[in-house]
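Please read the following note with the sequence and the model open beside it.

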Amino acid sequence: MSGMMKFEGKGVYGAYAIGKISIFKRADNDVAQKQISDPEAELERVSAAKEKAVEQLQAIYEKALKEVGETNAQIFEIHMMMIEDEDYNESIENIIRGQSVNAEYAVNETAENFAHMFASMDDAYMQARATDVRDISNRIIACLSDENIDEGFPDEKVIIFADDLAPSETVSLDKEKVLAFVTAYGSSNSHTAILARNMNIPAVIGVGEDFAAEVRNGVLACVDGYKGEVILDPDPETLAEMKKKLAGDLEKKQLLLELKGKENITVDGTSVKIYANIGGLDNIGAVLANDAGGIGLFRSEFLYLENDDYPTEEQQFDAYKKVLESMVNKKVIIRTLDIGADKQADYFKLDKEENPAMGLRAIRICLTRPEIFKTQLRALFRASVYGNLGIMFPMITSVSELKKIFAICDEVKASLKEEGIAYNEDTEMGIMIETPAAAVISDRLAPMVDFFSVGTNDLTQYTLACDRQNSKIESFCDTHHEAILRLIEMSAVNAHKNGAWIGICGELAADLTLTETFLRMGIDELSVSPSYVLKLRDKVRSIDLKA
Amino acid sequence: MKQFNYTIKDAVGIHARPAGQLAKVAKECGSTVTIEKDGKSVNATKLMMLMGMGIKCGDTITVTVEGETEEAAAKAIEEFLTANL
């Protein structure tokens, strides 16, 4: 190998690592076919090996239970069940008896047959099960030959490289000695990937055969688990850059540690809620990890954009219930369908529009096609009993729209009541302030709702008549424009006069140069992407409004 | 014999973990539990074959329970499916 080389894979856990590569060696088991004369003796060897394998798996299960939790440890329980599987054992027995061959060969053949069955399925999730079958079979084969497959680790901290890591191998790794792991194959659906995420080990999988051919034991490497990149033998410049990133990452984690659990309170004692914006269930982990006080904007669009057809009430209910339960009584504000403009789903069959930002979108679609809206509202109200839900409507411009919305809500609630389905009568109802119209008549809208949430991206584009996707007019699009700040302040005053609270969930919420301005306006809540929560908390804690 | 249909609601379908749990419930219930989809059927205690059916979200399976405990067993299986899949 000469010079620096970069390889792309899939990052399954975001973090950096710099260190020497250690190639993971597994016991090289001899599975060659040998003729035997006493099948009963072979079968006894198999049953002794199985017993030993189950014992080992029990130990791994217990280690996993401590390190990655019950849900993730369950896979090893499944492995134990797979070892006892009737068809699997019948296959081993048939091969030994029918062909008069050795146990190692029979187990390996059986593993290949079952792995082949899984690998040929058209479902990525099931394809990953092939690894599980091979994993348990290799363990049995190792037990047959009395070799221990879980040993042979170097003394210093290293980046582990393997063709593929079986789940049991991943958990068996001594966390204290592993900087990162890199695999040539494997999918992000594999249990190994899931375990890596839970063990907080930076990991890049599927870097490919070329990597496998180039990599040598002891070579220096940089792993970027965010980008899914592995650099072998980095040049001094790259190495320095990676060291800086690594240090920055550690600093961020330190900040997290220091600020976690602290209040969002200014020097003079003004407090503000800091919530997180998310666009799918995958982000809930990040919300909790960054210690957000709730979810200020849950974009429900992903349910529509990920599907080829309208998501059913059950699908939506499941998703809403999941987020509410995960947040355990912390506020979760779910915004109803905000599709149209730059977010399109084919099955809605929306006409092409000259000016989609001002076209049939968001609440306008819901009011034009109430059956779509009702399905979502039913799912939301049904989920409302599982946590602290707020429902928020986008793109509001008038009082009459809001009246129509509430009439539909009442209809939905009445039919739930009739069917004897529970919902929370006190579910907070709010609207986005993202059109200048809504801000200007905020005195009329505030008495009708529990809260406002300012969507600064659309509010900016509509107020300044600036297309936010047109880079040529960027210099005209001053996001700190006085007009926008006045509209926000006006909405805040009107909200508070009428007993409603007001938050900001657009990009400006994360703009630290405006935090003090927003606090002076009396903004009650700021909702930002999860990774900004602690930076914003840090900023809030440095502000003194009396100074 | 007890028989009922069930439509899978879990987003990933009968994958490893729930298949393992289902096999466990089927083993402990004392009756023979058969799962059928698209003309293919499998004994629910057979974990590998059960996973091999590739039952996905939206698929409707037919569950047949036969044996002395079939009444209670069918109920247990149905409860398990509703709660987990």
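**Note on the predicted model**

1. Helix H13 (residues 313-326) of chain A packs against helix H15 (residues 370-383) of chain A at an angle of about 35 degrees, their axes lying 8 Å apart. Axes are lines fitted to C-alpha atoms, for helices over the stretch in contact, and angles run from 0 to 180 degrees between N-to-C directions. Helices (H or I, at least four residues) and strands (E, at least two) are DSSP runs, numbered from the N terminus. The crossing of H13(A) and H15(A) is right-handed; a crossing is right-handed if the near helix is turned clockwise from the far one by less than a right angle, and left-handed if anticlockwise.

2. This is a predicted model, in which local features need pLDDT of at least 70 and side-chain atom pairs count only at pLDDT 80 or more, while totals for chains, interfaces and linings use all residues. Residues are numbered from 1 along each chain as its sequence is written, and chains are lettered from A and ligands numbered from 1 in the order in which they are written.

3. Among the residues of H13(A) that meet H15(A) are Phe317(A), Tyr320(A) and Leu324(A); the H15(A) side includes Ala379(A), Leu380(A) and Ala383(A). Two residues are in contact if their C-beta atoms, placed from the backbone, lie within 7 Å. The residues of this contact comprise six nonpolar, three polar and four charged. Here Ala, Val, Leu, Ile, Met, Phe, Trp, Tyr, Cys and Pro count as nonpolar, Asp, Glu, Lys and Arg as charged, and the others, Gly among them, as polar.

4. Which strands form the barrel of chain A? Eight strands close into it in the order S9-S10-S11-S12-S13-S14-S15-S16, with parallel pairing. Two strands pair if DSSP finds at least two bridges between them. On average, neighbouring strands of this sheet are turned by 25 degrees against each other, direction ignored.

5. Strand S12 (residues 388-393) of chain A has five of its six residues buried, so it is largely enclosed by the rest of the structure. A residue is buried if 20 or more other C-beta atoms lie within 10 Å of its own, exposed if 12 or fewer, and partly exposed in between, with C-beta atoms placed from the backbone. Five bridges link S12(A) in the parallel sense to strand S11 (residues 331-335) of chain A, and Lys331(A) stands opposite Asn388(A).

6. S12(A) also runs parallel to strand S13 (residues 428-433) of chain A, joined by four bridges. Ile431(A) in S13(A) is the bridge partner of Phe393(A). From S12(A) the chain crosses through helix H16 (residues 399-418) of chain A to S13(A) in a right-handed β-α-β crossover: with the strands pointing away from the viewer, the path from the first strand over the helix to the second runs clockwise.

7. Finally, 20 residues of chain A are in contact with 15 residues of chain B. H2(A) gives the most to the side of chain A that touches chain B, with six residues.
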